[in-house]
Structures are given as structure tokens and as C-alpha cells.
Amino acid sequence: MSDQPAANLLTVKDLKVRFPLKSSSIFAPKRYLYAVDGVSFSVTQGQALAIVGESGSGKTTTALAIARLIKAYAGQVQLQELDLLDLAGDDLRQARRRFQFIFQDPYSSLNPRLRAADIVAEPLAAMAADAKQAIVDELFQAVGLRPEQQRLFPHQFSGGQRQRLGIARAMAPKPQLIICDEPVSALDVAVQAQVLNLLRELQRQRGLTYLFISHDLGVVQHMCDQIAVMYLGQIVEFADRISLFKNPLHPYTRALLSAVPRVDPAMRGKSQRILLQGDPPDPANPPSGCRFVARCPVAEARCHSQPPALRRLASGQQVACHLVSDDAVSPLG
Ligand SMILES: Nc1ncnc2c1ncn2[C@@H]1O[C@H](COP(=O)(O)OP(=O)(O)O)[C@@H](O)[C@H]1O
Ligand code: SF4
Ligand SMILES: [Mg+2]
């Protein structure tokens, strides 16, 4: 075994995205919704990193800002040697070929007027026709679609098959990074498992790197090497998959886990269930202390005034909670 640590493919540093809010008058000071408020993480080449959190926590905005599909107002995004946020023009177009998206609803992201083969071949525009066809044939087989389905239009596929088509299309230009944004959330549970298995298998065979977004920890528990838990625009816990499921530290992570049926005995860790009450606060007007304070069952006085910083523990886990001890004991035991 080599002692060399695996290289980071993607490094995100202190990423911030805000959306302007409508003001009541033109004289009122400009107000913003801070959708992503200082997010940092890195994804190792060949691994899958999950971003998990409730709807509205800023997961999609983080992904779109990384891919330069929306504008970040601060931070750094490094894809190997490239500073993505500094690129423009042709350099940006070239860089964009290095990552691809798989979306929740493949139907709205696939051109309804193109046949399946042309959808998969679309990102290969400049290539000779027979070379394209060879790639399409190979990808149809790799994602479990039949050759005769190449002639069909998107509406002639089932939801699961359509997602397979979306996956084939994302793989076609051989991207380094694949961003999967809730790729199975629109599918039946049985079909979800098939599509997740396919994604995992393709990752293993092709050494792909995934940034995998989901609101459901259950979906990522067999899929991802590292997990970032996001709450209201910030990462509140970051850990490798085993640590996160065996010893979840942040009260919010506990709450998310309470909703996940766990079948894998190795993952059966802390079992105290906590119920997530109420909705997350308004991101346009976040609490001044810990953002989780209004829903936290163990909040103390200082939680209302002091925001907890994300700190790295000796165990390697990172957590933003005043009450988690340095030796990785959660306030929930
Ligand atoms: N284009 C936009 N304009 C204004 N607000 C937005 C826009 N996109 C997202 N938001 C807001 O930013 C926050 C984060 O949204 P999003 O990244 O979609 O969360 P998630 O993917 O975790 O559900 C939400 O409060 C959402 O309403
Ligand atoms: S800092 Fe306080 S309010 Fe926030 S999660 Fe920890 S205990 Fe709860
Ligand atoms: Mg989203």
C-alpha cells in the first residue's frame, strides 16, 4: 500500500452565495438571502462525497455555484489545477466539460424531441458519427438499457429508465466529476435501489468522483465515502460514512438519522431518536447564535448568542456544536 494520500479532485473554500431580496422601498438598505454561507470541503479523486440536509438548506445552490451555473460572491473552487471561479470565456467552456450533472427529474433535463441515442451523443458534438455511435452503444449497455431503445423518445421510457438515460448522457464526455442532485428522489423505492446500485457500480468500474446531493441520509448510507451535513447554508457536521452513522455528533445529524431505517448492523450506532420539530428558520433572517437553536433539544443559553464554529476533532470528525466534547461525545450521549 502506498502512504501517498489520494489527491483531491475538488476543493471548495468558504463558498458564499446570496440572492437579493425584494426591498419594500428603493431607499431601504439592500437585503440578501444567504443561501450558502461559508461552505468548505474537498472531494478525493475516485470517491463520493454526499451533501445532506433538509430542503432549502443550500445543497443545490452549492452545486450550481461550483459548476458556475450561478454566481458565488465569495470563496474558491479548485478543480485540480483550475480556479473555477476565476475562469471566463473559452477557459470556462473547456472546464465545464470536466463535470456533468445528473438531476432529480431527468425528464425536464432531457430534450423531449431527441431520440435516446442522440440525447446521449449530444455532449459529444465534435466527434465523428461512428465513434459517437460506439460510445452510445457501450453506454446503453453499461446503464442497462437495450440497444433497440436507442430509437425511442424520452416520454417512452419509465422514470427509472429515464434516469438511466440521464446517467448515460452524463458519462458520455468522460467527466472527472459527476454532480448528482437528488438523482433518485423522484423514483419509487424499489427503483431507487436499482439506480443507486448502478451509480455505485459505474463509479467502481470507471473510477468516477461523485458529489452526491440528497435530503435523505438513507439514500447515501450505502453510496458515499464522506458526508457533509448542511443546515441553513452551512456545514454542521462532516465525517466519513462509518463515523457519521456509528457516532453522529450534531443534534441535527441525530434528527436526520432518526428518520432513517437502518438495516446494516455495522451502522447501528447511537439509537436515541430525536424528532425534528418545526421548520428551519428563515434563511433571510437566521438566528444570531447557533442556527439550529430553536429546534435543538439540548440548547443552552450561549447557543442563543454565540455561533459555534466548525471544528475538527482528534477523531477526524468535524462538527459545529458547542456541546460536542473534544473526544467526540455528542450532547445526546
Ligand atoms: N434563484 C433563487 N433566488 C432566490 N432564492 C433562491 C434561489 N435559489 C434558491 N434560493 C433559496 O436559497 C435557499 C437554498 O435553496 P437550495 O439550494 O435550492 O436548497 P436545497 O437544494 O438544499 O433544497 C432556499 O431558501 C431557497 O429558497
Ligand atoms: S450549539 Fe447548542 S443549539 Fe446548536 S446544536 Fe449544539 S447544543 Fe444545539
Ligand atoms: Mg435542491
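# Close-up views of a predicted model

**Figure 1. Surroundings of ligand 1.** The shell around ligand 1 divides into 4 nonpolar, 7 polar and 1 charged residues. This view, like those that follow, is taken from a predicted model. The residues surrounding ligand 1 are Phe19, Leu33, Ala35, Gly53, Ser55, Gly56, Ser57, Gly58, Lys59, Thr60, Thr61 and Pro283. Two or more residues of this shell are given by each of the elements β2 (32-44) and α1 (59-66). Helix α1 supplies the largest share, 3 residues.

**Figure 2. Helix α7 and its buried face.** Helix α7 comprises 18 residues, 189-206. From first to last C-alpha, α7 reaches 26 Å, close to the 26 Å expected at 1.5 Å a residue. Its buried residues are Val195, Leu196, Leu199 and Leu202. Viewed down the axis of α7, these buried residues fall within an arc of 125°, and they therefore line one face of the helix. In an α-helix there are 3.6 residues a turn, so residues three or four places apart point the same way. The cover over the buried residues of α7 includes α5 (129-142), α6 (159-171), β7 (177-181) and α8 (217-220).

**Figure 3. The outward face of α7 and the residue that follows the helix.** Turned away from the buried side of α7 is a face that carries the exposed residues Ala190, Arg204 and Gln205. Just after α7 comes Gly207, which takes a positive phi of about 60°.

Figure 4. Most residues other than glycine have a negative phi. Arg68 is not a glycine, yet its phi is positive, at about 60°. Arg68 lies in the loop between α1 and β4 (74-79). It counts as partly exposed because it has 17 C-beta neighbours inside 10 Å. Lys174, also not a glycine, has a positive phi of about 50°. The loop that holds Lys174 runs between α6 and β7. With 13 C-beta neighbours inside 10 Å, Lys174 is likewise classed as partly exposed.

**Figure 5. Gly316 in the loop between β11 and β12.** Gly316 is located between strands β11 (311-312) and β12 (318-319), in the loop that joins them. Gly316 has 11 C-beta neighbours inside 10 Å and therefore counts as exposed. Between Gly316 and Ser288 there are 27 Å from C-alpha to C-alpha, and the two residues are 28 apart in sequence.

**Figure 6. The chain as context for the close-up views.** The secondary structure of the chain comes to 11 helices and 12 strands. The chain has a radius of gyration of 21 Å, close to the 20 Å that the globule rule gives for 333 residues, so it is as compact as a globular protein of that length. Along the principal axes, the C-alpha trace spans about 65 × 60 × 45 Å. Buried residues account for 40% of the 333 residues of the chain. Among contacts between residues at least 6 apart in sequence, 64% join residues at least 24 apart.

Terms used:
Residues are numbered from 1 along each chain as its sequence is written. Chains are lettered from A and ligands numbered from 1 in the order in which they are written. This is a predicted model: local features need pLDDT of at least 70, side-chain atom pairs count only at pLDDT 80 or more; totals for chains, interfaces and linings use all residues. Helices (H or I, at least four residues) and strands (E, at least two) are DSSP runs, numbered from the N terminus. The expected span of a helix is 1.5 Å times one less than its number of residues. A residue is buried if 20 or more other C-beta atoms lie within 10 Å of its own, exposed if 12 or fewer, and partly exposed in between; C-beta atoms are placed from the backbone. The arc is that of the directions from the helix axis to the C-beta atoms. Two residues are in contact if their C-beta atoms, placed from the backbone, lie within 7 Å. A residue is near a molecule or strand if its C-beta atom, placed from the backbone, lies within 6 Å of it. Ala, Val, Leu, Ile, Met, Phe, Trp, Tyr, Cys and Pro count as nonpolar, Asp, Glu, Lys and Arg as charged, and the others, Gly among them, as polar. The radius of gyration is taken over C-alpha atoms; the globule rule is 2.2 Å times the number of residues to the power 0.38.
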